[in-house]
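The exercises below are meant to be worked with the sequence and the structure side by side. Try each task before reading its solution.

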Amino acid sequence: MKIGVVIVTYNISLGDSQTLKSLLKVFNSFRSSLFELYVYDNSVKYQTLSEKAPFSNLQYYHDPNNGGLCAAYNYALNKCKDKSINWLLLLDQDSLISESFLNNLELAANQYLNNNDVVAILPHIISNNVHISPSIRKIGGIRKEIPSEEYGFINSPILGINSGTTLKTDFMQSLGGFNTDFKLDMLDYWYFSMINKHNKKIFLLKDIMLHNLSVLDYNSLSVERYKNIIKAESLFFAKYTSTLNNILYRIRLLARLIKQLFKVNNKRFSIITTRYLISIHNS
């Protein structure tokens, strides 16, 4: 049993990636033969890893065209297929990896390796003292938090974020890989919806992973990134969910617009939301 690990970086020095630093530190005392690490760098310039990795199976791939998360995940998935690697752990550049998480991930990955019903393993994710993942998915994209003390199998449709998610590679290959409709945003919504659609199971670890999710705050969210988010949202709910879910998404988008008008200083966000509401209404 082996686990592939893909870390996706963008416009950051590899030496400054919290994910890479914490992972390499843990690997000094961890059985490195279990993992194969892929660093997929979407930065403009090619980089070299200044710190020598404590294992030889680290591969660096530079994509100056910035293919986003989808390109990175499909690159790693194809590598896993070529090497018959069973699981793929997805990581952003700013997560904090603990040895406890890797130990428990190994145990769960071994336990459910031959169980075709279990296709994903998740930790709890905390960002800025807020529990952000996983959650129970309700209609219209509404989410209900899963308390951090819960673990094991949750008997409800689950939604998580990309970083920290470990997916069974043969299941993702059966879907044709990661969906290229979603270069960056809503890709996690898509594959979690596929897991739920195919009645597969997700195992939730006890571990808590710290992660910096910048899209939680309008002050740190760029207007261009918000354009990409709302475009991907609209596509997902229109193409991959029911009519009822799509209608409820429009209602939530209207509620978001009201919040942006009264609580967000940069009114470009509300202008973008208004344009999408009008375009959805006219479509």
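**Exercise 1. With which residue does Asp185 form a salt bridge, and how far apart are the closest N and O atoms?**

Solution. The model is a predicted one, and the distances used here are computed from its atoms.
- Step 1: the partner of Asp185 is Arg225, and the closest N and O atoms of the two side chains lie 2.6 Å apart, which is within the 4 Å that a salt bridge requires.
- Step 2: because Asp185 sits in the loop between α4 (169-174) and α5 (187-197) while Arg225 belongs to helix α6 (residues 223-239), the pair ties together parts that are 40 residues apart in sequence.
- Step 3: Asp185 has a relative accessibility of 10% and counts as buried, whereas Arg225, with a relative accessible area of 25%, is partly exposed.

**Exercise 2. Where in the chain do Glu36 and Lys83 lie, and how many residues apart are they?**

Solution. 
- Step 1: Glu36 forms a salt bridge with Lys83, with 2.4 Å between the closest N and O atoms.
- Step 2: this pair links distant parts of the chain, since Glu36 is in strand β2 (residues 35-41) and Lys83 is in the loop between α2 (68-82) and β4 (87-91), 47 residues apart.
- Step 3: Glu36 is buried, at a relative accessible area of 5%, but Lys83 counts as partly exposed at 41% relative accessibility.

**Exercise 3. In which helix do Glu224 and Lys227 both lie? Then place their salt bridge among the others.**

Solution. 
- Step 1: both residues belong to helix α6 and are 3 residues apart, about one turn of the helix.
- Step 2: Glu224 and Lys227 form a salt bridge whose closest N and O atoms are 3.2 Å apart; Glu224 is partly exposed at 47% relative accessibility, and Lys227 is partly exposed with a relative accessible area of 32%.
- Step 3: salt bridges that share partners join Lys2, Glu36 and Lys83 into one network, and the search of the whole structure finds 6 salt bridges.

**Exercise 4. Which side chain of opposite charge is nearest to Asp92, and how far away is it?**

Solution. 
- Step 1: Asp92 is placed in the loop between β4 and β5.
- Step 2: Asp92 is buried yet has no salt bridge, and the nearest side chain of opposite charge, that of Arg225, is 7.4 Å away.
- Step 3: once neighbours within four places in sequence are left aside, the residues in contact with Asp92 include Ile7, Val8, Thr19, Tyr73 and His211.

**Exercise 5. How many residues does the largest nonpolar core have, and which have the most contacts inside it?**

Solution. 
- Step 1: the largest nonpolar core has 54 residues, and those with the most contacts inside it are Val6, Tyr73, Phe178, Leu187 and Tyr191.
- Step 2: α2 gives the most to this core, contributing 8 residues.
- Step 3: leaving aside neighbours within four places in sequence, Tyr73 is in contact with several residues, among them Val6, Leu88, Leu90, Phe178 and Leu187.
- Step 4: a second, separate core of 31 residues includes Ile3, Leu37, Val39 and Ile125.

**Exercise 6. Which strands pair with β13, and in which sense?**

Solution. 
- Step 1: β5 pairs with strand β13 (residues 201-211) in the antiparallel sense over 2 bridges, and Leu96 stands opposite Leu210.
- Step 2: strand β6 (residues 118-127) pairs with β13 in the parallel sense over 7 bridges, with Leu122 opposite Leu204.
- Step 3: strand β10 (residues 152-153) pairs with β13 in the antiparallel sense over 2 bridges, and the bridge partner of Phe153 is Phe203.

Methods
Residues numbered from 1 in each chain as written. Predicted model: local features only at pLDDT ≥ 70, side-chain atom pairs only at ≥ 80, totals over all residues. Heavy atoms only, no water. Helix = DSSP H or I, 4+ residues; strand = E, 2+ residues; numbered from the N terminus. Buried < 20%, exposed > 50% of the residue type's maximum accessible area, 1.4 Å probe, protein only. Lys, Arg positive; Asp, Glu negative; His and termini not counted. Contact = heavy atoms within 4.5 Å. Pairing = 2+ DSSP bridges. Core = buried A, V, L, I, M, F, W, Y, C linked by side-chain atoms within 4.5 Å.
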